[in-house]
Amino acid sequence: MGKNYFMEKQHKYLDLIIIGGAVTGLTAALYAGRMKLSTLVLEAGLVGGQIVNAHEIENYPGFASIIKKDNIMGIYDFKVKTNRGEEKDLADYKGKVLLIVNTASNCGFTPQYAQLQELYMKYKEQGLAVLGFPSNQFAEQEPGSNEEIQEFCRANYGVTFPLFAKEDVRGTNAQPLFKYLVAEKGFMGFDEAHPKAKGLIDFLKEKFPEYLVGDSIKWNFTKFLINRQGEVVGRYEPTTTPASMAGDIEKLL
């Protein structure tokens, strides 16, 4: 393929980083082709020489997913779908502080919608935008249509901040925005002081142990904070309440 793939990464913004000391060139090439990448870089020695299939790569520690392609320079270059199926350019939010959240309607953390709405109402005039991204990936806790999700959130929590189209936020088919977010801010653990933390951790260990590996989204209501310059400055797991983030948000406004 014309390159030394077992090179050390030169800088932060590479097209793709795949881990594994013995990843086959064919597997890597197929993965890159599916993700429409032009450049491929491997980090050697992190999987102990195992052969890694393309669909498994994301689950290994150290996997950085797609960080940046040549034509993507930051969060404002991403486009997402509204809950009406229309394309929305995140560049429309330039200059604002963004709080991006993956959500679900039938989750033990669903009441966080109320605190997210409170933050939005309190700080929106100062430049905060809250963006909700529903996903049905976590124990199928978001089964409804985009319209049903919107109505549920409005009726039960008075949500007025934007909710986008229901899509995947982890795995091979995750929307590019969330691949970017987890590459920018990795998983640093749950807040075990939260009353639901132990139950969530035990549940994941039993039912979805692969979710606990690497930096991917672990569960509903993982939150990312982006400053006015478009930099991802914070990641907050479901066990961190939106209300407890107020101080961090105020520093950016």
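**View 1. β5 and β7, paired antiparallel through four bridges.** This is a predicted model, in which local features need pLDDT of at least 70 and side-chain atom pairs count only at pLDDT 80 or more, while totals for chains, interfaces and linings use all residues. Numbering starts from 1 along each chain as its sequence is written, and side-chain values use heavy atoms, with hydrogens and water left out. Strands count as paired if DSSP finds at least two bridges between them. Helices (H or I, at least four residues) and strands (E, at least two) are DSSP runs, numbered from the N terminus. β5 covers residues 97–103 and β7 covers 223–226. Look for Leu99, which sits opposite Leu225 of β7. Lys223 and Leu225 point one way from β7, Phe224 and Ile226 point the other way, and all are buried. Here "buried" is under 20% relative accessible area, "exposed" is over 50%, and "partly exposed" is in between (1.4 Å probe, protein chains only). In general, side chains of a regular strand alternate between the two faces of the sheet.

**View 2. The β7–β8 hairpin.** On to the next pairing. β7 and β8 also run antiparallel, joined by four bridges. Across this pairing, Phe224 faces Arg235 of β8. Five residues lie between the two strands, and Gly230 in that turn has a positive phi of about 85°.

**View 3. The open four-stranded sheet, in the order β6-β5-β7-β8.** Pairing in this sheet is mixed. β6 and β8 are the edge strands, each pairing on one side only. Neighbouring strands are turned by 15° against each other on average, direction ignored. Two helices pack here. Helix α2 (residues 112–123) touches β5, β6 and β7, and its direction makes about 155° with that of β6. Helix α4 touches β5, β6, β7 and β8, at about 110° to the direction of β5. Axes are lines fitted to C-alpha atoms, for helices over the stretch in contact, and angles run from 0 to 180 degrees between N-to-C directions.

**View 4. Helix α4, mostly covered.** How many of the nine residues of α4 (176–184) are buried? Seven of them are, namely Leu177, Phe178, Lys179, Tyr180, Leu181, Val182 and Glu184. So a lysine and a glutamate are on that buried list too, going by the under 20% cut-off. The cover over these residues includes β3 (79–81), along with β5, β6 (128–134), β7 and β8 (232–236). Contact, here and below, means heavy atoms within 4.5 Å.

**View 5. Ile100 and the largest nonpolar core.** A nonpolar core is a set of buried Ala, Val, Leu, Ile, Met, Phe, Trp, Tyr and Cys residues joined through side-chain atoms within 4.5 Å. The largest one has 55 residues, and those touching the most other members are Ile75, Leu99, Ile100, Leu177, Phe178, Leu181 and Trp219. Leaving out residues up to four places away in sequence, the neighbours of Ile100 include Ile75, Leu131 and Phe133. From α4, Leu177, Phe178 and Leu181 touch Ile100 as well. Among its other contacts are Thr222, Lys223, Phe224 and Ile226.

View 6. A salt bridge is a side-chain nitrogen of Lys or Arg within 4 Å of a carboxyl oxygen of Asp or Glu. Lys79 and Asp89 make one at 3.0 Å, N to O. Lys79 is in strand β3 and Asp89 in strand β4 (residues 87–89), so this pair ties together parts ten residues apart in sequence. Both partners count as partly exposed, Lys79 at 47% and Asp89 at 24% relative accessibility. Another bridge joins Asp92 to Lys88, with the closest N and O atoms 3.1 Å apart. Asp92 is partly exposed at 49%, and so is Lys88 at 23%. In helix α5 (residues 197–207), Asp202 and Lys198 are four residues apart, or about one helical turn. Their closest N and O atoms are 2.7 Å apart. Asp202 is partly exposed at 36%, whereas Lys198 is exposed at 60%.

**View 7. The whole protein, with six helices and eight strands.** Along the sequence, the pattern is β-α-β-β-β-β-α-β-α-α-α-β-β-α. Buried residues are 50% of the 253. Of the contacts between residues at least 6 apart in sequence, 72% join residues at least 24 apart.
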